[in-house]
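Trainee: I have a new model open and would like to learn how to read it. Can we go through it feature by feature?

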Amino acid sequence: MCTKCGKGKYYITTAIAYTSGKPHIGNTYEIVLADSIARFKRQEGYDVYFQTGTDEHGQKIQIKAEEAGITPKEYVDKVAGKVKGIWDLMNSSYDSFVRTTDKDHEEQVAKIFQKLYSQGDIYKGAYEGLYCTPCESFWTESQLVDGKCPDCGGDVQPAREEAYFFKMGKYADRLIEHINSHPDFIQPVSRKNEMMNNFLLPGLQDLCVSRTSFSWGIPVDFDPKHVIYVWLDALSNYITKIGYDVNGDSSELFQKNWPADLHLIGKDIIRFHTIYWPIFLMALDLPLPKQIFGHPWLLQGDGKMSKSKGNVLYADDMTEIFGVDAVRYFLLHEMPFDNDGVISWELVTERRNSDLANTLGNLVNRTISMSNKYFDGVVANENVSEPVDEDLKKVVTGTVDVVTAKMNELRVADALTEIFNLFKRCNKYIDETTPWILAKEEASKPRLATVLYNLVESITIGASLLKGFMPETSEKILSQLNAFEVPFDELGSFGHFASGTKVTSQPEILFERMKLEDVLAKVEELYQEPQGASPEPEEAGIDIEPKAEIEYDDFMKMQFQIGEIIACEAVAKSKKLLCSQVRIGSQVKQIVSGIRKYYSPEEMVGKKVLALVNLKPAKLAGVLSEGMLLCAEDENGELSLVVPEKQMPSGAEVC
């Protein structure tokens, strides 16, 4: 505990990024969100330990490495470098970057598996059911479609595959009791209700914790043909990297920081962190994390520019055009607490101009320019006050308490809004006090000096509060004012700026206004094909086996519409299936497709697709599908989604 401020430790983690490819802007949101919380907690006086990293094992990575002609370790080394590079680009202040290929992590995970097996929590069993050889997948009778594999439509045969399983039900009642007695354990509340009603209360099935169908993983020491499956491996990073030792020789860092104060994760992996991870910890006789927050997704809007056929946005591209702090501001300010947010080039441009250039940048520039124009840059408090000053001071000194309350609830967007309300109040104060009129009369100069002092002091407090959210901008503002950051426990009082201090004579424009057409032109430059690129050679067509003729009325029974994929995730029980949330007009349909080999979930988000929307709903791998996405298939069985040639609105009929 810090003896000066009375605050204790604060251990915060992000989910570790899967190293299947470069992280997109939605992945980047999480590290920026966590960083803002970590920085704010440090300002408050907490002894913060902030951990992030990469998840580097699994079949998908092994396949990608084989396709690239390199080893899995070489592959993950390259991708982990990209992840870390983007995290650093976004000015994230993590204390530790864990990789699940780190030797110390791998050693402890193997020991954890051995301990759980030795005490009877893990047992050897088998996947048993109906097996599809091409898909390498097991199915139950209820999952089949017309007696066939739900992925490929092929025949299935009775079969079994050896695996180790964790006895989830052994700890389920204890976890339910913990969740009920700790109302803040899972946030937001909607995530808690989902976990309780959909998983815990209906009863947990035992969890597979080893695989034999691939080798890129941590071997089970006593049965090396098995590798430890992803969730026991990846989730353990939160304790292994800070020095947990299964034999009781844990480090001081672990003893100081565990349990974690906050696991910050995406809502798509909330089940693994709020059910599997707490149960693993119970089995290890370790305290549970204090809070797990499943943040919403950041979805791409209807932006016309795209980096690749995946149609996703990347942080390095966005910061090249807008700057790091402008992107940080948008990510933090535009994400609701419990609903998905939307990002596009147009939206970021609009917000940069309205909030950063107008509200903040113009305020700082006007204040410094008036100080130079009227007093040669010297800001002195002449204490000639009027009632309007008290309202300004009340707003400015009261902001820290409101911001702190919002941050304690993890409502980061609301906290940032309160800081910008402070800056808006300053702009209103300028209009109320009319410094340009006061400057006309020599007798009004003391009042003018007081007004400018009040503005500089207010901006200093606002910039100090802004530090955790936009660190570079905060530093620039304080530097131009020749001011020091106000200590956190003094932000509720007024009068920190030293009277008689001289501000910079040449104020720097913090955020230039940007024209949308200029932004889109820069985007086009980023994504255009290299000069001199050869045109694609003309391809020979292929013939397929013709099907029986149909009547026009048969065709008219089918309803095809343009859909926009707003979210996508892999289906846990299948190696082939992706589950997409497809916006069709004002509705959202869930469509399951056997295209996981050809598209990652990240590539799917933002795509406009052609969908058959009146197909009778069916369950594939236990997941309800309410339609079908149209694909083209070549002679090698390669699939490609059929997409509209021109920009078309979601819901447009295909006829």
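Trainee: How many residues of helix α12 (residues 324–333) are buried?

Mentor: Note at the start that this is a predicted model. Buried means under 20% relative accessible area. In α12, 10 of the 10 residues are buried, so the helix is largely enclosed by the rest of the structure.

Trainee: Which residues of α12 are buried?

Mentor: They are V324, D325, A326, V327, R328, Y329, F330, L331, L332 and H333.

Trainee: What is the mean pLDDT of the chain?

Mentor: pLDDT is the predictor's confidence in each residue, from 0 to 100. The chain has a mean of 90, with 93% of its residues at 70 or more. Residues 302–310 have pLDDT below 50, and the model gives this stretch 26 contacts beyond near neighbours in sequence. Residues 532–539 also stay under 50. For residues 532–539 the model has zero contacts beyond four places in sequence.

Trainee: Now helix pairs. At what angle do α13 and α19 pack?

Mentor: Start with the angle, then the handedness, then the residues that meet. Helix α13 covers residues 345–375 and helix α19 covers 516–527. They pack at about 135 degrees, with axes 10 Å apart. The two helices are therefore oblique to each other. Their crossing is right-handed.

Trainee: Which residues of α13 and α19 meet?

Mentor: From α13 come W345, E346 and T349. From α19 come L516, V519, L520, V523 and Y527. By class, this contact has six nonpolar residues, one polar and one charged.

Trainee: Is the crossing of α1 and α14 left-handed or right-handed?

Mentor: Left-handed. Helix α1 (residues 25–44) and helix α14 (residues 387–408) cross at roughly 130 degrees, and their axes come within 11 Å. That makes α1 and α14 oblique to each other. On the α1 side, S36, I37, F40, K41 and E44 take part. They meet V403, T404, M407 and N408 of α14. The classes here are four nonpolar, three polar and two charged residues.

Trainee: Let me try single residues. Is S236 buried or exposed?

Mentor: Look up the relative accessibility, then ask what surrounds the residue. S236 has 2%, so this residue counts as buried. S236 lies in the loop between α7 (230–235) and α8 (237–240).

Trainee: Which residues is S236 in contact with, leaving aside neighbours within four places in sequence?

Mentor: H105, V109, I112, W231 and W277.

Trainee: Where is Y123 found?

Mentor: In strand β5, residues 122–132. Y123 counts as partly exposed because its relative accessibility is 29%. Y123 and Y164 are 41 residues apart along the chain, yet 5.5 Å separates their C-alpha atoms. Not counting residues up to four places away in sequence, Y123 touches A163, Y164, F165, K167 and D206.

Trainee: What is the relative accessible area of P183?

Mentor: P183 has 48%, so this proline is partly exposed. P183 is in the loop between α5 (169–181) and β8 (186–187).

Trainee: How many residues apart in sequence are P183 and Q291?

Mentor: They are 108 apart in sequence. In space, P183 and Q291 are 9.6 Å apart, C-alpha to C-alpha.

Technical notes: Residues numbered from 1 in each chain as written. Predicted model: local features only at pLDDT ≥ 70, side-chain atom pairs only at ≥ 80, totals over all residues. Heavy atoms only, no water. Contact = heavy atoms within 4.5 Å. Axes fitted to C-alpha atoms, helices over the stretch in contact; angles between N-to-C directions. Helix = DSSP H or I, 4+ residues; strand = E, 2+ residues; numbered from the N terminus. Parallel < 35°, antiparallel > 145°, perpendicular 65-115°, else oblique. Left-handed = near helix turned anticlockwise from the far one by under 90°. Nonpolar A, V, L, I, M, F, W, Y, C, P; charged D, E, K, R; others polar. Buried < 20%, exposed > 50% of the residue type's maximum accessible area, 1.4 Å probe, protein only.
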